[in-house]
Structure formats: C-alpha cells, structure tokens
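Look at the sequence and the model that follow.

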Amino acid sequence: MTPEAIIRQRTEDLVERGLFRSIRSIAGTGPLVELDGRQVLLLCSNNYLGLAEHSALKRAAATAAEQAGASSGASRLVSGSTSLHDRLEAAVADWKGTEAALLFNSGYAANTGIIAALAGRGDTVFSDRLNHASIIDGVLLSGARLVRYPHNDVDALERLLTRQTGSGLRLIVTDGVFSMDGDLAPLRQLAECARRHNALLMVDDAHGGGVLGQEGRGSCNLLGVAEEVQLLMGTFGKALGSFGAYVATSRLLRDYLVNRARSLVFSTSLPPAVPAASLAAVHLVRSAEGANLRQRLADNTALFRALLRDEGFTVPDDPTPIVPLVVGDPLTTMTFSARLLERNILVQGIRPPTVPQGTSRLRCTVMATHEQEDLRRAAAEIGQVGRGLGVL
Ligand SMILES: *Cc1c(COP(=O)(O)O)cnc(C)c1O
C-alpha cells in the first residue's frame, strides 16, 4: 500500500467509529457567535469570564504591538525576552504568592516542558487517570516511569507510592479542575500524601485560574493548599482571555526549568502583545470587576446546573463552569450536538481519546456574560433533544 492509502484507510476507520473530527470557523468570542452566517449561543468556550473581548486586554495588546512589534524574534534565552515578559512573571508570582514564576508559550508547552525537565529515566511520575493529554505527553517525553492512579483516589495513590521504592525523583501531577468533568482534585489529601512520600506536587490549574479562590488565584487557593504545591501551573488562554501559560514556583525550580525545559529553550517566546494582554488580565481578575465577574459566573453556573437537573439530567454539584452531560457512545453524542446546533446552540461533543471509551459527552461551559434567559432556553432545548434521542 502507498502511504496515502494507509492514511486514507486510517481516516475511514475514524469516520466509521464516529471519531472523525474537523475544524469549524467561528466569529466572535461569545456568548453569541457567528457560525455559517447564523447567530448561535456559545456554550462550550473556556473564555469563562468574557475577558477575551475586554477593552483593557485589547488595548494592552494593541499598544504593545504598536510599540514593540508583532514578534519577539527569538527564544527568551537568546534575545526574545522583553520587560513585558518580566513584568508578567512578577505579577503572576505576586498573584499566586510564590517566590517566582516562569512563562510558557501555551499550557501544552508548559506541561510537556516542565515534566520532561524535572523527571527522567529512573524517576516516577504519578498521574491521575483523567489528567489532560499534555501531562501524559510530558511524561512520555521525559522517559520517566508513568504510574496512572484511579481518578481522585488518594488511597490508591498512597499504595502505589508505598510500593514504588528507589532513589529516583517522585512527581505527583494532577489537574486542579478536571477539564472534561469539572470536578476538583482532593488537593489537601494529595498534598499530605506528597509530603509523606517525599514527592513533588504539581497542579495544572488551567480551568481554576481566574475562576476559583480569592482574587481568582485558583483551586489551590480555594482548598487552602497553595503553599504545599511546589508547581502551580496555569494558563492565560481560558478564564484570563489571553494566551500562553505559567508556572508559579520557587526560585530554585524556576532557574532549573530555564535551563532544562526544552519547550522554553528551543521555542520563540510569546510576542509582546500576548504578555501585555495577560498582564491586563491578571490585574483585572484581582480587581473588584473581576470579583463581580466571578460572582456572575458562579450564579450562572448554579442556575444552569439546576436547570439541567430539572430537565432530568444527572448533574454533579461542582463549583466550576464545566458541566458534563455524559451520553456514552460517540455517534449519539455527535447527533445530540448537531441537533442543538440546528436550534442555534453550540455545544461540542467530546469523544475518545479526549475522554475514556464509553463516556462521550456534551461538555457544556457557562460564561459570566451569558444572559440567564439564554441559559434557560438552552437548558430547555437540551432537555427536549435529549428526550428525543432517548438519552434521558
Ligand atoms: C487547555 C488545557 C491545557 C493546555 O493549555 P493551552 O494553553 O490551551 O495549550 C493544559 N491542561 C489543561 C487541564 C487544559 O485544560
């Protein structure tokens, strides 16, 4: 067979299994967006606070581009580090209450870079079974031993740690807020477990930053464990409405990562407009306006969860804007999503390998900027379509 024939066969296999994906163009950042010339209600964005469209971020990005150009021109270690990068790192460290912070070009680059820098052959990484793909990829890249523990099961983790002897470094990694389920990690118990077993603890708070805790500091702050987490990773592309990522950590670990994180060393740094927008976002989430947006988000989240429960769905009571409606098989999930789009509601279906087999789902996300009336209409439509498909 030719290489093209092999790829064609693999593509057809994806289609048959209901796992073929394609990209759709959307105009706007929500809660109403334009899709194929229609206005639809966006119910699957991670722009939880609506900051992507905030004038302070747009102005900061535009000014930085005017003054400093469209590119940084090189990696941070060559000539691509500006005072904006430095100021953003200082702002993140101050916000998170750590000695230092380090920027990465994306959450994906942060997780792969950090994990592969810290762990290697002879070391072990303990990873929650539902952790984000970028964490798994980081471990695979590192050459360290990967031990996956059952979701949020600290007792199982404890047993695995006890069994794992040897002199190598031990790193426990967990999502703070699980991206496809919206539940929180038991961070207090994980921190105690890490301390007992002399392991580093890293929390990926891509979905907690800006949303949870005092001044939006995230899940570790909410659960009162920030000081026991050695690596607080987060992103700017979700609630902070910008792009890129950071790790808030000690000076020792930051300096080591600057030397060893390959996604940092061998990649052009973020263009000036990006740290400028992120800096504005950090100021905003810490302000009274940020607190108001978080309150609106919490109110909308509680309302939407209650409305879906009234429709008959099983909806857990987590404090996050991520509301999963587990359907099961991928084809029904995609039909569910398509029927909602006919009714001008955009909720993306999520299938393996993003979620485990048999747990394909609609992943609904709420925004602070949603009107409650729109959430009511959406919940009613989701109920109707769900009943029509026999999902309810
Ligand atoms: C989105 C996400 C990432 C990746 O962040 P990007 O900045 O989008 O690359 C990492 N971890 C989790 C848990 C995420 O949800």
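Predicted model: local features only at pLDDT ≥ 70, side-chain atom pairs only at ≥ 80, totals over all residues.

A disulfide is a covalent bond between the sulfur atoms of two cysteines. Here a pair of cysteine sulfur atoms counts as a disulfide if the two lie within 2.5 Å. By this rule the count is 0 disulfides. Cys44 is in no disulfide, and the nearest cysteine sulfur, that of Cys364, is 8.5 Å away.

Residues are numbered from 1 along each chain as its sequence is written, and side-chain values use heavy atoms, with hydrogens and water left out.

Next comes the backbone. Most residues other than glycine have a negative phi, and most peptide bonds are trans. The peptide bond from Gly30 to Pro31 is cis, with omega near 5°. Pro31 is found in the loop between helix 1 (3-16) and strand 1 (32-35); helices (H or I, at least four residues) and strands (E, at least two) are DSSP runs, numbered from the N terminus. The bond from Pro352 to Pro353 is also cis, with omega near 5°, and Pro353 lies in the loop between strand 12 (349-350) and strand 13 (360-365). Asn152 is not a glycine, yet its phi is positive, at about 55°. Its loop runs between strand 5 (145-149) and helix 6 (154-163).

Which residues are closest to the ligand? They are Gly107, Tyr108, Asp204, His207 and Lys238, among the 13 residues that surround the ligand, where a residue is near if one of its heavy atoms lies within 4 Å. This shell divides into 2 nonpolar, 8 polar and 3 charged residues. Helix 4 (residues 107-118) gives the largest share of the shell, 3 residues.

Some distances show how the ligand is placed. One of its oxygen atoms is 2.7 Å from a polar backbone atom of Gly107. A nitrogen atom of the ligand is 2.5 Å from an N or O atom in the side chain of Asp204. A polar side-chain atom of His207 lies 2.6 Å from an oxygen atom of the ligand.

Conventions. Polar contact = N/O pair within 3.5 Å; in protein donor to acceptor, adjacent residues only side chain to side chain. Nonpolar A, V, L, I, M, F, W, Y, C, P; charged D, E, K, R; others polar.
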